Every structure is written in C-alpha cells, then in structure tokens.
Amino acid sequence: MSAAPGINYRMPRVTGLRPGILHRSGDLTAFTADEAGALVAGHGLASVLDLRSDSEVARYGPPSGLLAHGVRWLRTPLTGYPRDTIAARRPGIADRTRYLHGILTEATPGSWPLLFRELAGAADRPFLLSCHFGKDRTGVVVAAVLALAGAPPHEIAADYAAGMTDLVAKADRFRDKWLRRGHTREEYLSRLRTSPVTMARWLTEVLDRHHRIQDALLALDVAADDLAQVRGLLTAPAPAPTPTASARPGPPADPGDVPEGRR
C-alpha cells in the first residue's frame, strides 16, 4: 500500500506491546477491497471490534471491504456517555479530557465488560479496534489496553495524537457531520486535531483516581479473567537474559592442565 489505508489507520508501536497484534483506525467503511486484502495478507488481520453505535452502523454501513476478505466483525458498541462536555464549537483540553472520562465511566452499563470479553477471545490473532473517527472511543480503549501491556504514559499519549495528520487530511469524508451540526469546516477541523496533552492529562487523572487502569476497569465490572487474558495476549515476551561476564564460558582447557588422576 503506497498510502495510509482507510482513515486514521496505524499499528501502535509502544514499549511492552506484542508487535503486530493491535491495529487501530477510524471509519471501517473507508477500507477498499485492495487495502483490506493487503491487511489480511500482509498482517494476518483476523477480527475487527467495532465500537460504533447501531445508528452509526445504520447510517454509514458495515465494513464491507474487510468482510469480503473474511475478517470477523465483532459488534462492541461503546455508547451512552455524555456529549455536552464537547458541545463548544472549539472544545479545549479540559473539555476533551472530561469527554474521555465519560467514555470510560459513563458508557452504557455492560459496554466495557462485553468489549473485554470479545477482546479476550480475539487478541490471540491480529485485530483492529475502530469507531467513527478512531480518535476518542478508540483512543480510550487503545490507551487502556496499552496500559495493561505496560506501555509508559508518554508513549500512549503520543500514539493518541499520531492520527491527527491523516484525520485532518481526510476531513471532507465527514462533511455531513459538520453540516448537520451547523459547524464550519474549520470548526470541525479543530475537533479532529488531537494533542498528546489531552491523553496525558486523562491518564494522569485515571491513575490518580484508580491507581491502575485495571482497577478502573474492574470497577466497571470487567471480568478479572478477561483482563488477565487480554494482558497476557498483548504483552510482549520478556527478552532472554543476557549472560553476565562471570557466567560466560571460558576457553577450552588445555589437556595438559588436567590433573594426572583425571586423565
């Protein structure tokens, strides 16, 4: 693929994460048949977990390109959280941070347990997490699983912000959204711009409140077994220990050095 496929697509590359297993994107319907085929053939993509609501699927459709290549489509809607926190035409970092908190703590009851139950069954092979923009719902879920895998907060924040260039470049695909909301194109572009500061602040506040991301998820009734399964599947194997200088074997002994009684 000469250009980035789909919308806001990438594979996070952070410390602690098993390489090649987690993919993320926006708008599943944006993958062409050729792009989908390349993801399956080149990366072994097996499943997609779709965080979109029923109404979003009805409006924009299923991931036809991916389905045509045998990718499993797992519906895991993450909805019901408040949106008034980003009602401003140009929401600031504090507004965006509150919005991310709502996605985690105020989504429809049962959403997070279902999501992690599906993740526990899918993360043994390469999978894709996606919502409409691949930015906020996907951003919160990806941040949670990266934290479970041991990624440091600054790398999680950088990954959250990494899709901004592609989102802004492909903004006209979402023209219907800003027109329906009465926004100008520039106002909507401001919503597509992501900052690592937003994610870093959100992570800090979650850790301040819950100590660990897994504690926040357990408070949402995510099953401990599912958390352990996802963590085990996503965490990169520890590197083999390097022998210390004292443990390294020396040169073969000269037979002349062997005591007489042992020859």
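Buried here means under 20% relative accessible area, exposed over 50%, and partly exposed in between (1.4 Å probe, protein chains only). Helices (H or I, at least four residues) and strands (E, at least two) are DSSP runs, numbered from the N terminus. The model is predicted, so local features need pLDDT of at least 70 and side-chain atom pairs count only at pLDDT 80 or more, while totals for chains, interfaces and linings use all residues. Residues are numbered from 1 along each chain as its sequence is written, and side-chain values use heavy atoms, with hydrogens and water left out.

View 1. In α1 (residues 33-43), the buried residues are Glu-35, Ala-36, Gly-37 and Leu-39. They pack against β1 (7-10) and α3 (64-67), where contact means heavy atoms within 4.5 Å. Follow the chain onward and you meet Gly-44, with a positive phi near 70 degrees.

**View 2. Strand β5 and its two parallel partners.** Strand β2 (residues 22-26) runs parallel to β5 and is joined to it by four bridges; strands pair if DSSP finds at least two bridges between them. Four bridges also join β3 (residues 47-50) to β5, again in parallel. Look for Leu-129 of β5: it is the bridge partner of Arg-24 and of Leu-49.

**View 3. Side chains of β5.** Phe-127 and Leu-129 point one way from β5 (residues 127-130), Leu-128 and Ser-130 the other way, and all are buried.

**View 4. Helix α4 among its neighbours.** The buried residues of α4 include Asp-95, Arg-96, Tyr-99 and His-101. Among the elements that the buried residues of α4 pack against are α5 (111-122), α6 (137-148) and α11 (196-210).
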